Amino acid sequence: MASSQKTPHLQLNHWLGSDKPKREDFNLDNQLIDSAIKTHVQDAGAHVTDAERETWNSGAFTLGSYVGDGAASRAIALGYRPRVLLLFTADRPLCEYNAAVNTNNVYSAAITPLGVSKGIAATDNGFTVETNATAVTGSSTCALNQSGKTYLYLVYR
């Protein structure tokens with residue numbers, strides 16, 4: 001006879017003193033436990049790989065900077081492909097209106113798994129940035145490599 005009560009999650013037998021357990025009750029409990037453990041072990045989302053653990057524990061964040069050289073496009077080497085990157089200038093707001101040419105200079109950008117800002121791109125070895133040489137009236141201009149400006153970045157591998 002199976003138990004009078006069951007456990008709340010796996011519905012295993014919870015024996016009372018008056019219950020008379022049988023071998024098939026124990027076998028059923030073992031099958032339920034084995035099935036639950038198999039489901040858990042096979043759930044890749046519930047587990048961290050050794051490589052992920054090593055990355056997370058070995059300084060997965062990188063802080064860095066570069067000084068703009070004015071080139072229209074420039075590659076910044078990190079030695080790996082960034083998953084998430086935030087970039088901004090040290091001496092300007094994230095975006096600044098330039099009344100002289102009626103445009104916005106954008107001094108910030110981001111790379112994420114969900115999308116990438118205009119003017120920046122991830123590469124296998126780091127990232128590239130762009131600076132538009134001529135402003136487009138009434139628009140926004142990528143200003144991610146202006147000559148002499150210091151740019152800071154925070155990268156998550």
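**The surface around a loop leucine**

Guide: Leu10 lies in the loop between β1 (5-6) and β2 (13-14). The model is a predicted one. With a relative accessibility of 35%, Leu10 counts as partly exposed, because that class covers the range between the buried limit of 20% and the exposed limit of 50%. Together with Ile33, Ile37 and Val41, Leu10 makes a nonpolar surface patch of about 330 Å².

Helix α1 (residues 23-42) also contains Ser35. The C-alpha atoms of Ser35 and Leu10 are separated by 9.8 Å, while the two residues are 25 apart along the chain. Ser35 has a relative accessible area of 40% and is therefore partly exposed.

Next come the strands. Strand β5 (residues 84-89) has a covered face made of Leu85, Leu87 and Thr89. Its uncovered face holds Val84, Leu86 and Phe88. β5 pairs with strand β13 (residues 150-156) in the antiparallel sense, over six bridges, and Thr89 stands opposite Tyr151 of β13. The pairing of β5 with strand β8 (residues 108-112) is antiparallel as well, over four bridges; here Phe88 has Ser108 as its bridge partner.

Asn105 belongs to strand β7 (residues 103-106). Its relative accessibility is 9%, so Asn105 counts as buried. The side chain of Asn105 makes a polar contact of 3.4 Å with the side chain of Tyr107. Beyond its neighbours within four places in sequence, Asn105 is in contact with several residues, including Leu94, Glu96, Thr141 and Gln146.

Glu96 also takes part in a salt bridge with Arg92, at 3.4 Å from N to O. Both partners are partly exposed: Arg92 has a relative accessible area of 33%, and Glu96 has one of 26%.

The whole structure has three salt bridges. Another of them joins Arg74 to Asp69, with the closest N and O atoms 3.9 Å apart. Arg74 is partly exposed at 21% relative accessibility, as is Asp69 at 46%. The side chains of Arg81 and Asp124 also meet in a salt bridge, at 3.0 Å from N to O. That pair links distant parts of the chain, 43 residues apart: Arg81 is in the loop between β4 (73-77) and β5, and Asp124 is in the loop between β10 (120-123) and β11 (126-130). Arg81 counts as partly exposed at 44% relative accessibility, whereas Asp124 is exposed, with a relative accessible area of 64%.

Note on methods. Residues are numbered from 1 along each chain as its sequence is written. This is a predicted model: local features need pLDDT of at least 70, side-chain atom pairs count only at pLDDT 80 or more; totals for chains, interfaces and linings use all residues. Side-chain values use heavy atoms; hydrogens and water are left out. Patches are made of residues with over 30% relative accessible area and no salt bridge: like charges are joined within 9 Å, nonpolar side chains (Val, Leu, Ile, Met, Phe, Trp, Tyr) within 5 Å. Accessible areas come from the Shrake-Rupley method with a 1.4 Å probe; for residues, only the protein chains shown count as cover. A salt bridge is a side-chain nitrogen of Lys or Arg within 4 Å of a carboxyl oxygen of Asp or Glu. Helices (H or I, at least four residues) and strands (E, at least two) are DSSP runs, numbered from the N terminus. Buried means under 20% relative accessible area, exposed over 50%, partly exposed in between (1.4 Å probe, protein chains only). Two strands pair if DSSP finds at least two bridges between them. A polar contact is a pair of N or O atoms within 3.5 Å; within protein, one must be able to donate a hydrogen and the other to accept it, and residues adjacent in sequence count only if both atoms are side-chain atoms. Contact means heavy atoms within 4.5 Å.
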